[in-house]
Amino acid sequence: MNRKFTGRVWKLGDDIDTDIIIPTQFLALKSVEDMKRYAFYPLRPRLPELINPGDIIVAGKNFGCGSSREQAPEIIAALKVGCIIAKSYARIFYRNAFNNGLLLLENEELYDCCGEGDEVSVNLESSKVSLGKKAFKVSSIPRDLLKMVEAGGLVPFMRERNGK
Amino acid sequence: MGMTIGEKILARASGKDVVKPGEIITAKVDLCMSNDGTTHLNIDIFENQLKAEKVYNPEKVVFIVDHNVPSESAKTAEVHKKMRIFAQKHQIPFYEGTGVCHQIMIEDFVVPGQLIIAADSHTCSYGGLGAFGTGVGCTDFTSVMNTGEIWLMVPETLKFIIEGKFKPGVYARDLILKIIGDIGANGANYKIMEFGGPAVKAFTIDDRVVLCNMAVEAGAKSGLVAPDETTIEYVTSKGRQDMHLFTSDEDAVYEKIYYYNLDELEPMIAIPHCVDDVVPIKEISEVKINQGFIGSCNNGRIEELRAAAKILQGNKIDPYVKLLISPASKAVYLQALSEGLIDIFVESGAMVLNPNCSVCWGSCQGVIGEGEVLLSTGTRNFKGRAGHPNSSIYLASAATVAASALTGKITDPRGAVQ
């Protein structure tokens, strides 16, 4: 994973809950590939077709609140979203996202400054994101956690480390 | 400097004398539980990715099939089959169709002072018995199932001091909705919500579980009530003896203290689509409902069923409204049968369902159609959770649901219980 990347913004609101990210009706589908077509279904059913690899989700506060279902970050990672930049995250989702190789960044101001379709550049080395000429500070991610994201999550990271 | 109950439990589990908020610990887990919402993923990770062979201790792992019971599709039947085969292979205690996972855990396993990790967000329910329960995803759960350990950050604690006494028609459910409405859906993010004060001391176990169960809806890592004589009596009545009775020290440090007086509390309701959009029922204009639901890990226990039965007894529900009632466990169901509550429900026109997550989870029984309105005692009112993406869920107490099922519109239960 490149530590500097640029992506197109998809804007979601506050309190994007896990039932919006993946409704219960689709949780028993066999694969993440089957499930990812229903990402954000109650809110914006066509979003999975519109998201391109590397796009960035920008959201308000408390992203991922609700269920502990790991399918939620898993399908966002499967859509190859570059990262999520939200005002804040719910606790269980935060942990699950990193375990699944999905990068989460926190920033309070970006959401209110950007529009959907804008290009945002992320620099993980300097913990900054930029939108046009404006730059915003984002939470810095510890090196080990970044390595885990780069490996694709906790399990592949452990396997890599154990040489399996 | 003193410690809170939560800090004491985490200190014990990590083999330390003292822990402080912000500290990262590796803790030994007393119990871990997983249900059919995600266990198929846990098994995949365990067998195919970790290539693990053994669960750390089968006596400390529990599998419970409660989310899609009975299975409504071949897909969920496969999930259950996979769980059953794995549980049998590893000699893991296995429950199917006997109730909502958290209620089963409380009835059969939980003791005060334990650290319990489960692959379900409402694991915080066990705080009702003075145990530290917290929900995790599949990867974390699978790692616990394999090693018996987990890393955790020690959270800050928020204290809620409750005084006064419930007025007729007002319940623990109204209190927790009021608190979540006040502090917000992320008001306790990453923190412990500790409930105490003279009112909580007088609360039943059912009431305490109602409070702790919803802590995650404010973002909390766990909810906790100090164990006392009521807790000891409950746990020993179930034949369990070994327990750690932790209470918070006088000089324990809280991030914030909130005060509530039950004398001032009235029936509350969460309006669509967020759990923290909470108002007193009298403040909303007329809302017609299509379906009522009494059940779930928050509100399907015997006391809630009794409150509903009192209102429904001798009355008929509105002919254009469905009322679905699911006791939280087999034990609750049998108790309701012996008290004649099931007769009252069926006589009133309600449908009594088997004990399971049911309507609250939105993927098994009682889903609703486009534009329909559900009034529920479930845990969440997220958009689309009850079926059609364009449907609405309101959350209230069992008494409110019962009173509303009779009138066909959201109704303050106080008129029905006087």
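This is a predicted model: local features need pLDDT of at least 70, side-chain atom pairs count only at pLDDT 80 or more; totals for chains, interfaces and linings use all residues.
Local features were required to have a pLDDT of at least 70 and side-chain atom pairs a pLDDT of 80 or more, while totals for chains, interfaces and linings use all residues. Residues are numbered from 1 along each chain as its sequence is written, chains are lettered from A and ligands numbered from 1 in the order in which they are written, and side-chain values rest on heavy atoms, with hydrogens and water left out.

Chain A contains eight helices and seven strands, these being DSSP runs (helices H or I, at least four residues; strands E, at least two) numbered from the N terminus. Its radius of gyration, taken over C-alpha atoms, is 15 Å, which agrees with the value near 15 Å for a compact globule of 164 residues, the globule rule being 2.2 Å times the number of residues to the power 0.38. Of these 164 residues, 57% are buried, that is, under 20% relative accessible area with a 1.4 Å probe and protein chains only.

In chain B, helix H2 (residues 39-49) has B:Thr39, B:His40, B:Leu41, B:Asn42, B:Ile43, B:Ile45 and B:Phe46 buried. The cover over these buried residues includes helix H4 (71-78) and helix H8 (154-161) of chain A, together with strand S2 (31-35), strand S3 (61-65), helix H3 (74-90) and helix H5 (138-147) of chain B, where contact means heavy atoms within 4.5 Å. Just after H2(B), B:Lys51 adopts a positive phi of about 50°.

Terms used
Buried means under 20% relative accessible area, exposed over 50%, partly exposed in between (1.4 Å probe, protein chains only).
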